Amino acid sequence: MIIIKSDQEIDLMRESGKVTGYILKELEYLVRPGISTADIDAFVEKTIRSHGMTPTFLGYGGFPASACVSVNDEVVHGIPDRKRILREGDIVSVDVGSTYKGYVSDAARTFSVGQVSEVASKLMEATRDSFFAGLEFCRVGYRLSDISHAIQVKAEGEGFSVIRDFVGHGVGHQMHEDPQIPNFGKAGRGPRLAKGMVFAIEPMICEGAWNVRTLENDWTVVTLDGKLSAHYENTVVITDGEPELLTLGE
């Protein structure tokens with residue numbers, strides 16, 4: 001069941017989203033060669049707590065950190081590690097959730113570490129663009145799969161593949177609520193969108209084939225062919241008009 005959020009609930013998520021978006025904007029300056037993925041996690045946790053909020057990911061299903069930090073071929077759920085040092089040419093995806101008075105915001109970005117390859121740069125741009133292609137259909141009256149179809153068409157049109165095993169989702173009092181929102185599929189299917197729905201829309205796009213595997217830590221998902229993957233996500237509110245992005249940052 002898709003939970004329609006009240007104006008008061010969306011206000012709480014808006015406050016949470018400001019912090020999540022702020023963190024991701026600040027990471028544009030923090031991410032550089034020589035820092036560890038644990039340094040990123042420490043910054044995320046400190047910033048969330050300094051605003052009187054709770055890191056949503058910490059302890060969620062047993063996850064041991066406040067941010068998922070995934071490098072190069074890691075698609076999602078990378079576990080921060082002080083021994084994992086970022087190098088020139090890496091790309092790193094950071095997924096962050098903040099909880100404020102019981103309400104969650106969820107967002108992710110992929111960052112370049114210094115100068116990256118042309119294909120890495122193109123992949124990150126295509127991933128971001130596929131999110132905004134889907135966003136065009138985040139309006140009252142469209143069907144859920146219209147978002148999915150637009151993301152797939154944009155990503156594949158740029159020569160990349162769409163991860164099938166992980167999808168976007170509803171978000172609110174819980175981090176994962178109905179509905180699931182694949183980043184692929186035919187248009188014109190699923191429920192019609194209505195005011196007050198709130199979604200975490202998150203294209204995960206890869207350089208090569210979309211097949212993935214999970215590492216022995218039971219968390220980190222990597223591309224099966226070892227090629228690059230990128231991630232772009234925002235918490236999105238369906239309104240009477242333009243969709244509202246709670247985690248875009250200022």
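Buried means under 20% relative accessible area, exposed means over 50%, and partly exposed is in between, using a 1.4 Å probe and protein chains only. Keep that handy for the tour. What you have open is a predicted model, so local features need pLDDT of at least 70 and side-chain atom pairs count only at pLDDT 80 or more, while totals for chains, interfaces and linings use all residues. Residues are numbered from 1 along each chain as its sequence is written, and side-chain values use heavy atoms, with hydrogens and water left out.

**Stop 1: a helix and its neighbours**

Select residues 7-30, which make up helix H1. Helices (H or I, at least four residues) and strands (E, at least two) are DSSP runs, numbered from the N terminus. H1 has 24 residues and reaches 34 Å from its first C-alpha to its last, close to the 34 Å expected at 1.5 Å a residue. The expected span is 1.5 Å times one less than the number of residues.

Now colour the buried residues of H1, among them Ile-10, Met-13, Val-19, Leu-24 and Leu-27. What do the buried residues of H1 pack against? Show helix H2 (37-50) and strands E4 (91-100), E5 (103-112), E9 (198-201) and E14 (234-237), and you have the partners. Contact here means heavy atoms within 4.5 Å.

**Stop 2: strand E14**

E9 and E14 run antiparallel and are joined by four bridges; two strands pair if DSSP finds at least two bridges between them. Click Val-198 to find a residue whose bridge partner in E14 is Val-237.

Val-236 has Leu-245 as its bridge partner in E15. Follow the chain from E14 to E15 and you'll trace a hairpin through six residues.

**Stop 3: a three-stranded sheet**

Which strands form the open sheet? Three of them, in the order E6-E10-E13, with antiparallel pairing. E6 (161-162) and E13 (229-231) are the edge strands, each pairing on one side only. Pick E10 (residues 204-206): three bridges connect E10 to E13, and Ile-205 has Ala-230 as its partner in E13.

Bring in helix H3 (residues 118-135), which lies across E10 and E13 and runs at about 35 degrees to E13. Axes are lines fitted to C-alpha atoms, for helices over the stretch in contact, and angles run from 0 to 180 degrees between N-to-C directions.

**Stop 4: rings**

Five aromatic pairs turn up in a search of the whole structure. Rings of Phe, Tyr and Trp (its six-membered ring) pair if their centres lie within 6.5 Å; planes under 30 degrees apart count as stacked, over 60 as edge-to-face and the rest as tilted. Select Phe-131 and Phe-132, an edge-to-face pair at 4.9 Å centre to centre with 90 degrees between the planes. Phe-131 is buried at 0% relative accessible area, whereas Phe-132 is partly exposed at 23%.

Another edge-to-face pair is Phe-137 with Tyr-142, at 5.0 Å and 75 degrees. Is Tyr-142 buried or partly exposed? Its relative accessibility is 34%, so Tyr-142 counts as partly exposed.

Finish with Arg-109, which lies over the face of Tyr-232 at 4.5 Å from the ring centre. A charge sits over a ring if NZ of Lys or CZ of Arg is within 6 Å of the ring centre and within 35 degrees of the ring normal.
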